[in-house]
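My entries follow in the order I looked things up.

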Amino acid sequence: MNTSSTLDLRPTNGQGAVLSMSLCVALLIASEFMPVSLLTPIAESLQASDGQTGQAVSISGFFAVAASLLVSTAAGRLNRKSVLLTMTALMLVSLVMIAAAPNFVVLMIARALLGVSIGGFWSLSTAVIMRLVPADRVSGALAMMFAGQATAAAFAAPVGSYLGEVIGWRGVFWLLVPIVAANLLWQAVALPSLPARESQSLRSIWRVLRRPYMTRALIAVLFTFSGAFAMFTYLRPFLETVSEVGVQMLSMMLLVLGCAGFAGTFLGGRLTNGHVMTLLRCLPLAMAAATLALLGFGHVLSLVAILLAVWGAINTALPISWMGWVTQEVGDAPEAAGGLMVGAIQLAILLGATIGGTLLDNLGISATFFCSAGLLTVAGMIVGSGRALRAEA
């Protein structure tokens, strides 16, 4: 399938549009997972447990699942540029509500709005990228967009943790508000008009879902990302209780994890075209090994830093690999496949955070990490040789 733009965009326009989407991705990731680095102070301020506060990640995932499946359908023949701008505006409203939240209920409502923004934006992003650049530049554009994720992973958690001590967790979210507003204006200028190519329906999504290789892929995604986020959501309690780090060292550890994401973005973008099945199989297995090693050597800070770097690189390479798989194997239905993939990832985040939080509150951090490693191992086994994930299968 020819995935080049039907609008004959000039490269400079396409690049600016992709960069504006990359910044939006960075802000979405920062907004979605900021509670990870601020989990303890948010819980204390709103009089909730760490496990309950972790559900702030879960609730955004729940609404992201619904939005990823319904936004392209509900949008009908609306211009995709207008839909993307609406999703960014929802993120802006959510951040204002979070920063001003007087109680846990308002926080959860705001996180639900953020979930709609996340699901809607991500479900359309791959299909939009395929229209902004020529077919031979899609993987590079995806890597550029996911560089926003790596940037957020590198700096959002450690900066959020540090600034949380200086200006409070509410101040951290207030700082994001003007940045998101500026990004909204940039997108309005940089994104070209993107008329809907065809009206999506639940039936078209169902047709893609019925493909056996798509179903197997979604199951693998569920295990992969639920395993990853069962661990990641509760990384701060692990570092505080097992590694016994203070706020400054915590920020450094999170920075190490995040900066490694740049390496993961580079490698994911370079290797996805020719080695996507190897990545989909080996990355979750390597992440499981790193998670178990953290439990075994959590008291040795130098080894913890190395293991977090490995984990961080894998964490950013995983979504690039799966979205690359979508462009290669389901290129004839990118919006439907993208919505299903994002829905599966967000459902996995919800499940991972929920399961991890339940285990943390009832059995302790070790149970959470063991569960994470088990889910990731199953994911690698489901992918197997990768033959069952091929369209021709």
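**Helix H5**

I started with helix H5 (residues 104-132), which has 29 residues and reaches 40 Å from its first C-alpha to its last, close to the 42 Å expected at 1.5 Å a residue. The expected span is 1.5 Å times one less than the number of residues. Helices (H or I, at least four residues) and strands (E, at least two) are DSSP runs, numbered from the N terminus. I note that this is a predicted model: local features need pLDDT of at least 70, side-chain atom pairs count only at pLDDT 80 or more, and totals for chains, interfaces and linings use all residues. Residues are numbered from 1 along each chain as its sequence is written, and side-chain values use heavy atoms, with hydrogens and water left out.

I found a bend of about 40° in H5 at Ser125. The bend is the angle between axes fitted to the seven residues ending at a residue and the seven starting there. H5 is mostly covered, with 23 of its 29 residues buried. Buried means under 20% relative accessible area, exposed over 50%, partly exposed in between (1.4 Å probe, protein chains only).

I then checked the N-terminal end of H5. Asn103 caps it, with a side-chain oxygen 3.2 Å from the backbone nitrogen of Val105.

Glu244 sits in the loop between helix H9 (235-241) and H10. Its phi is near 55°, a positive value in a residue other than glycine. Most residues other than glycine have a negative phi. Glu244 counts as exposed because its relative accessibility is 65%.

**Core**

I looked up the largest nonpolar core and got 122 residues. Such a core is a set of buried Ala, Val, Leu, Ile, Met, Phe, Trp, Tyr and Cys residues joined through side-chain atoms within 4.5 Å. Leu132, Phe173, Trp322, Trp325 and Met341 have the most contacts inside this core. Its largest share, 14 residues, comes from helix H10 (residues 247-297).

I listed the partners of Met341, leaving out residues up to four places away in sequence. Met341 touches Met214, Leu218, Val221, Trp322, Met323, Trp325 and Val326. Contact means heavy atoms within 4.5 Å.

Is Thr316 buried or exposed? Thr316 is buried, because its relative accessible area is 1%. Thr316 lies in helix H11 (residues 301-329). Its side chain reaches the backbone oxygen of Gly261 at 2.9 Å. Not counting residues up to four places away in sequence, Thr316 touches Gln149, Ala150, Gly261, Gly264 and Thr265.

Ile349 lies in helix H12 (residues 334-362) and counts as buried at 2% relative accessibility.

**Whole chain**

I counted 13 helices and 0 strands in the protein chain. Of its 393 residues, 59% count as buried. Among contacts between residues at least 6 apart in sequence, 87% join residues at least 24 apart. The C-alpha trace spans about 55 × 45 × 35 Å along its principal axes.

Key. A polar contact is a pair of N or O atoms within 3.5 Å; within protein, one must be able to donate a hydrogen and the other to accept it, and residues adjacent in sequence count only if both atoms are side-chain atoms.
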